[in-house]
Amino acid sequence: MTFNHAVIWIDHSEAHVIHFDAEASESEVVKTKSTHPHLHHKSGSSGAGHSRAADDYLRSVAEAVADAGEILVVGPGSAKLELIRYVERQLPKVAEKILGVETVDHPTDRQLLAHARKAFVRIDQLNGTAALPT
(Lines give C-alpha, C1' and ligand atoms only; values in the text may rest on other atoms or scores of the structure.)
Protein backbone atom coordinates (compact mmCIF):
# COMPACT_ATOMS: atom_id res chain seq x y z
CA MET A 1 0.00 0.00 0.00
CA THR A 2 1.27 3.48 -0.83
CA PHE A 3 0.96 6.28 1.72
CA ASN A 4 1.66 9.97 1.16
CA HIS A 5 2.62 10.85 4.75
CA ALA A 6 5.43 9.51 6.93
CA VAL A 7 6.65 10.31 10.42
CA ILE A 8 10.05 9.39 11.85
CA TRP A 9 10.71 9.28 15.57
CA ILE A 10 14.49 8.99 15.92
CA ASP A 11 17.13 8.82 18.60
CA HIS A 12 20.70 7.51 18.45
CA SER A 13 19.72 3.88 18.84
CA GLU A 14 16.54 3.40 16.80
CA ALA A 15 14.01 5.06 14.55
CA HIS A 16 10.29 4.36 14.41
CA VAL A 17 8.99 5.00 10.89
CA ILE A 18 5.26 5.15 10.25
CA HIS A 19 3.74 5.56 6.79
CA PHE A 20 0.07 6.54 6.96
CA ASP A 21 -3.06 8.10 5.51
CA ALA A 22 -6.42 8.91 7.09
CA GLU A 23 -7.50 5.26 7.40
CA ALA A 24 -4.43 3.06 7.65
CA SER A 25 -0.77 2.92 8.62
CA GLU A 26 2.32 0.72 8.40
CA SER A 27 5.24 0.94 10.76
CA GLU A 28 8.79 -0.34 11.01
CA VAL A 29 11.71 0.07 13.36
CA VAL A 30 15.22 0.78 12.09
CA LYS A 31 17.98 0.08 14.62
CA THR A 32 21.54 1.27 14.58
CA LYS A 33 24.28 -1.31 14.43
CA SER A 34 26.41 0.82 16.76
CA THR A 35 26.90 -0.59 20.22
CA HIS A 36 28.07 2.72 21.74
CA PRO A 37 25.39 5.41 21.39
CA HIS A 38 26.71 7.34 24.41
CA LEU A 39 30.21 8.67 24.90
CA HIS A 40 31.53 9.34 28.36
CA HIS A 41 33.38 12.60 28.58
CA LYS A 42 35.43 14.37 31.18
CA SER A 43 33.96 17.03 33.41
CA GLY A 44 34.20 20.47 31.85
CA SER A 45 34.37 19.24 28.26
CA SER A 46 31.83 20.41 25.73
CA GLY A 47 29.21 18.21 24.13
CA ALA A 48 26.22 16.23 25.31
CA GLY A 49 27.97 12.87 25.60
CA HIS A 50 26.38 11.38 22.48
CA SER A 51 28.22 10.04 19.47
CA ARG A 52 27.24 11.28 16.04
CA ALA A 53 24.72 8.95 14.43
CA ALA A 54 26.39 6.55 12.01
CA ASP A 55 25.89 7.39 8.34
CA ASP A 56 24.68 3.89 7.48
CA TYR A 57 21.99 4.16 10.17
CA LEU A 58 20.88 7.58 8.88
CA ARG A 59 20.84 6.27 5.30
CA SER A 60 18.66 3.32 6.33
CA VAL A 61 16.20 5.66 8.05
CA ALA A 62 16.11 8.04 5.07
CA GLU A 63 15.62 5.18 2.61
CA ALA A 64 12.69 3.92 4.70
CA VAL A 65 10.78 7.14 3.88
CA ALA A 66 12.13 7.83 0.38
CA ASP A 67 8.80 6.99 -1.27
CA ALA A 68 6.72 9.24 1.04
CA GLY A 69 5.34 12.51 -0.29
CA GLU A 70 5.58 14.41 3.00
CA ILE A 71 7.74 13.67 6.03
CA LEU A 72 7.68 14.79 9.65
CA VAL A 73 10.81 14.17 11.76
CA VAL A 74 10.53 14.06 15.55
CA GLY A 75 12.62 12.89 18.47
CA PRO A 76 13.99 13.77 21.89
CA GLY A 77 17.54 14.85 21.04
CA SER A 78 20.03 15.74 18.35
CA ALA A 79 19.59 12.63 16.16
CA LYS A 80 16.67 14.26 14.31
CA LEU A 81 18.88 17.20 13.31
CA GLU A 82 21.71 14.87 12.31
CA LEU A 83 19.25 12.99 10.08
CA ILE A 84 18.13 16.22 8.43
CA ARG A 85 21.71 17.39 7.83
CA TYR A 86 22.56 13.97 6.41
CA VAL A 87 19.66 13.89 3.94
CA GLU A 88 20.32 17.50 2.89
CA ARG A 89 23.89 16.46 1.96
CA GLN A 90 23.35 12.93 0.66
CA LEU A 91 19.69 12.59 -0.40
CA PRO A 92 18.38 16.05 -1.34
CA LYS A 93 15.21 14.63 -2.93
CA VAL A 94 14.25 13.17 0.46
CA ALA A 95 15.22 16.42 2.22
CA GLU A 96 12.74 18.34 0.04
CA LYS A 97 9.91 16.21 1.45
CA ILE A 98 10.64 17.03 5.12
CA LEU A 99 7.97 19.53 6.11
CA GLY A 100 8.52 19.69 9.85
CA VAL A 101 10.86 18.90 12.73
CA GLU A 102 9.69 18.72 16.33
CA THR A 103 11.03 17.72 19.71
CA VAL A 104 8.99 14.82 21.05
CA ASP A 105 9.95 12.67 24.04
CA HIS A 106 9.22 8.90 23.83
CA PRO A 107 5.68 8.29 22.58
CA THR A 108 4.16 4.93 21.79
CA ASP A 109 3.68 4.25 18.08
CA ARG A 110 -0.04 4.92 18.54
CA GLN A 111 0.66 8.31 20.18
CA LEU A 112 3.22 9.10 17.48
CA LEU A 113 0.70 8.38 14.73
CA ALA A 114 -1.97 10.55 16.39
CA HIS A 115 0.54 13.39 16.79
CA ALA A 116 1.66 13.11 13.16
CA ARG A 117 -1.91 13.11 11.84
CA LYS A 118 -2.65 16.33 13.75
CA ALA A 119 0.62 17.90 12.62
CA PHE A 120 -0.07 17.14 8.94
CA VAL A 121 -3.57 18.62 9.22
CA ARG A 122 -1.93 21.88 10.40
CA ILE A 123 0.80 21.69 7.74
CA ASP A 124 -1.71 20.97 4.96
CA GLN A 125 -3.93 23.85 6.11
CA LEU A 126 -0.96 26.23 6.04
CA ASN A 127 0.06 25.00 2.60
CA GLY A 128 -3.49 25.12 1.25
CA THR A 129 -3.38 21.45 0.27
CA ALA A 130 -5.92 18.73 0.99
CA ALA A 131 -5.81 17.85 4.67
CA LEU A 132 -6.26 14.53 6.37
CA PRO A 133 -9.66 14.32 8.04
CA THR A 134 -9.50 14.88 11.81
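How many Å² does the accessible surface of the protein come to, and what share of it belongs to carbon and sulfur atoms? The surface comes to about 7800 Å², with 51% of that belonging to carbon and sulfur atoms. Areas here come from the Shrake-Rupley method with a 1.4 Å probe, and for residues only the protein chains shown count as cover.

Some ground rules before the tour. What you have is a predicted model, where local features need pLDDT of at least 70 and side-chain atom pairs count only at pLDDT 80 or more, while totals for chains, interfaces and linings use all residues. Residues are numbered from 1 along each chain as its sequence is written, and side-chain values use heavy atoms, with hydrogens and water left out.

Now the layout. The protein has 4 helices and 5 strands, and along the sequence they follow the pattern β-β-β-α-β-α-α-β-α. Both kinds of element are DSSP runs numbered from the N terminus: helices are H or I with at least four residues, strands are E with at least two. Of the 134 residues, 41% are buried, meaning under 20% relative accessible area, whereas exposed means over 50% and partly exposed covers the range in between (1.4 Å probe, protein chains only). As for contacts (heavy atoms within 4.5 Å), take those between residues at least 6 apart in sequence: 63% of them join residues at least 24 apart.

Let's start at strand E1, residues 5-10. This strand is mostly covered, with 6 of its 6 residues buried. His5, Val7 and Trp9 point one way, Ala6, Ile8 and Ile10 point the other way, and all of them are buried.

Strands count as paired if DSSP finds at least two bridges between them. With E2, the pairing is antiparallel over 6 bridges, and Val7 has Ile18 as its bridge partner. The two strands form a hairpin with 3 residues between them. With E4, E1 runs parallel, joined by 5 bridges; here Ile8 is partnered with Val73.

Moving on to E2 itself, residues 14-20: this strand is largely enclosed by the rest of the structure, because 6 of its 7 residues are buried.

On a 1 Å grid over the protein atoms alone, a cavity is a set of points where a 1.4 Å probe fits but cannot get out, and lining residues have an atom within 4 Å of a point. The lining of the largest cavity consists of Ile8, Ala62, Val65, Ile71, Val73, Leu83, Val87, Val94 and Ile98. Strand E4 (70-75) and helix H2 (79-90) are the elements that give two or more residues to this lining. Ile8 and Val73, the bridge partners mentioned above, are both among the lining residues. By class, the lining has 9 nonpolar, no polar and no charged residues. In this scheme Ala, Val, Leu, Ile, Met, Phe, Trp, Tyr, Cys and Pro are nonpolar, Asp, Glu, Lys and Arg are charged, and the others, Gly among them, are polar.

Finally, a few charged residues. Glu102 sits in strand E5 (residues 98-103) and counts as partly exposed, at 22% relative accessibility. Arg85 lies in helix H2 and is partly exposed, with a relative accessible area of 44%; Arg85 and Leu58 are 27 residues apart in sequence and 9.9 Å apart in space, C-alpha to C-alpha. Arg110, in helix H4 (residues 109-127), is exposed, with a relative accessible area of 75%.

Conventions: 1 Å grid on protein atoms, 1.4 Å probe; cavity = no way out; pocket = protein on both sides within 12 Å on 5 of 7 lines; lining within 4 Å.
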